[in-house]
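Biologist: Please put the sequence and the structure up, and then let us take the labels one at a time, setting each value against its definition.

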Amino acid sequence: ATRLAKLVEFHNKFNGLEWFGSLRGVRVAKFLLGLVWTSHLLACGWYLTAVLHEPVHVTWLGRRMVEVQGEQRSLLQQGPFEQWVVAMYFVLTVFTTVGFGDISAGTA
């Protein structure tokens, strides 16, 4: 019972801060955070569609070449962060522009 009373008291202290959530900057930050989170989830899904496909070298993950120290390498040879960045780039490009020229869909 004491814990419940402390929890209610704690909630009541911060109940007066509702005005903070209505500030324009806070609303913009919440929107941007939601956009990044949604893009992250879609990028992870896009990555999974490539990784779970057999053979993986015919997917965008195997066909996409990146330059590392002056030489061209497959994205499959890169680490997870580089693969995530390319997947995020693809998702953001698809949802924010009319089209793009450096990544294209293809069938096997």
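Biologist: Why is Arg63 called partly exposed?

Modeller: Buried means a relative accessible area under 20%, exposed means over 50%, and partly exposed is what lies in between, with a 1.4 Å probe and protein chains only. Arg63 has a relative accessible area of 43%, so it belongs to the class in between. Bear in mind that this is a predicted model, in which local features need pLDDT of at least 70 and side-chain atom pairs count only at pLDDT 80 or more, whereas totals for chains, interfaces and linings use all residues. Residues are numbered from 1 along each chain as its sequence is written, and side-chain values use heavy atoms, with hydrogens and water left out.

Biologist: Where is Arg63 found, and what makes that element a helix?

Modeller: Arg63 is found in helix H4, residues 60-63. Helices are DSSP runs of H or I with at least four residues, strands are runs of E with at least two, and both are numbered from the N terminus. By that rule the protein chain has 5 helices and 2 strands, in the order α-α-α-α-β-β-α along the sequence.

Biologist: Which backbone oxygen lies 3.2 Å from a polar atom of the side chain of Arg63, and what makes the pair a polar contact?

Modeller: The backbone oxygen is that of Val58. A polar contact is a pair of N or O atoms within 3.5 Å, where, within protein, one atom must be able to donate a hydrogen and the other to accept it, and residues adjacent in sequence count only if both atoms are side-chain atoms. A second example is the backbone oxygen of Leu75, which lies 3.0 Å from a polar atom of the side chain of Gln83.

Biologist: How do you know whether Gln83 is buried or exposed?

Modeller: Its relative accessibility is 6%, so Gln83 counts as buried, and its place is in helix H5. Taking contact to mean heavy atoms within 4.5 Å, and leaving aside neighbours within four places in sequence, Gln83 is in contact with Tyr47, Trp60, Leu61, Leu75, Leu76 and Gln78.

Biologist: Why is the pair of Trp46 and Phe90 called stacked?

Modeller: The structure holds 3 aromatic pairs. Rings of Phe, Tyr and Trp (its six-membered ring) pair if their centres lie within 6.5 Å, and planes under 30 degrees apart count as stacked, over 60 as edge-to-face and the rest as tilted. The ring centres of Trp46 and Phe90 are 4.3 Å apart and their planes are at 10 degrees, so this pair is stacked. The pair links distant parts of the chain, with Trp46 in helix H3 (residues 24-51) and Phe90 in helix H5 (residues 80-96), 44 residues apart. Phe90 is buried at 14% relative accessible area, whereas Trp46 is partly exposed at 29%. Together with Trp60, these residues form one aromatic cluster.

Biologist: What makes a set of residues the largest nonpolar core here?

Modeller: A nonpolar core is a set of buried Ala, Val, Leu, Ile, Met, Phe, Trp, Tyr and Cys residues joined through side-chain atoms within 4.5 Å. The largest one has 12 residues, among them Ala43, Trp60, Leu75, Ala87 and Phe90. H3, H4, strand S1 (65-68) and H5 each supply at least two residues of this core, and the largest share, 5 residues, comes from H5. Ala87 touches Ala43, Trp46 and Trp60, not counting residues up to four places away in sequence. The cover over the buried residues of H5 includes H3 and H4.

Biologist: Why does Gln69 count as exposed, and what is its phi?

Modeller: Gln69 is at 77% relative accessibility, so it falls in the exposed class. Its phi is positive, about 50 degrees, although Gln69 is not a glycine, and it lies in the loop between S1 and strand S2 (71-74).
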